[in-house]
Amino acid sequence: WTAATNAVGYNVQYRIVGAPSWTSTTSATNLVGITSLIPTSNYEWQVQTNCGSSNLSAFSSSSTFSTVTACITPTGLNTTGITASAATLNWTAVSGATGYNIQYRAVGAPIWSIASSTITSATISIFVSGTFEWQVQTNCGSSNLSSFSSSSTFSTPATVPCAVPTGLSTTG
């Protein structure tokens, strides 16, 4: 909202449209963040200027906003098709998903590799043998993302070292 002249703070109240009571908070500036809102709900809110010494304005007219549907974290993580150089990561579909973000790394590595998929699987390339962990996040569109899932792990088969030739001989 636009800052008011002589304001020392603001009183903000919000509620689900038509609810009997308001939830109140305060702000020292002309913006406030609110949390713990109910997904897929229509809210109304109003602001009152506090000029100090109990000098308060009337509340503004109401403004409205809608919360988005909560984006659900994927479950059912499993890994198939594990080879020394690739693995297929799978999970259960989430209703409302427009895609999925995947992060994976060797266990203990400091940096995650990133992938994305519009279906419930992704095949990743692996360049070293070892144990890997991965997580998946649902993208419900419009910057509505779930949390990343708990990690799932898998191990690639150890690569068999290529033997050095022996018994060299020369024939005439």
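The lining of the largest pocket consists of Tyr104, Arg105, Ala106, Ala109, Ile111, Ser113, Ser125, Ile126, Phe127, Val128 and Phe132. Keep in mind that this is a predicted model. The volume of this largest pocket comes to about 190 Å³.

Which strand gives the most to the lining of the largest pocket? That is β7, residues 99-106, with three residues. Sorted by class, eight of the lining residues are nonpolar, two are polar and one is charged.

Now the cysteines. How many disulfides does the structure hold? There is one, and it joins cysteine 71 to cysteine 140, with an S to S distance of 2.1 Å. This pair links distant parts of the chain, 69 residues apart. On one side, cysteine 71 sits in the loop between β4 (63-66) and β5 (78-80). On the other, cysteine 140 sits in the loop between β10 (131-139) and β11 (152-155). As for geometry, the link between cysteine 71 and cysteine 140 is right-handed, with 85° about the S-S bond.

Are the two partners buried or exposed? The cut-off for buried is under 20% relative accessible area. Cysteine 71 has 11% relative accessibility, so it counts as buried. Cysteine 140 has 19%, so it counts as buried too.

Then there is cysteine 51. Its relative accessible area is 29%, so cysteine 51 is classed as partly exposed.

That covers the pocket and the cysteines. I'll take questions.

Notes
Residues are numbered from 1 along each chain as its sequence is written. This is a predicted model: local features need pLDDT of at least 70, side-chain atom pairs count only at pLDDT 80 or more; totals for chains, interfaces and linings use all residues. Side-chain values use heavy atoms; hydrogens and water are left out. On a 1 Å grid over the protein atoms alone, a cavity is a set of points where a 1.4 Å probe fits but cannot get out, and a pocket is an open set with protein on both sides within 12 Å along at least five of seven lines; lining residues have an atom within 4 Å of a point. Grid points are joined across faces, edges and corners, and a volume is the space filled by probe spheres set on the points. Helices (H or I, at least four residues) and strands (E, at least two) are DSSP runs, numbered from the N terminus. Ala, Val, Leu, Ile, Met, Phe, Trp, Tyr, Cys and Pro count as nonpolar, Asp, Glu, Lys and Arg as charged, and the others, Gly among them, as polar. A disulfide is a pair of cysteine sulfur atoms within 2.5 Å. Buried means under 20% relative accessible area, exposed over 50%, partly exposed in between (1.4 Å probe, protein chains only).
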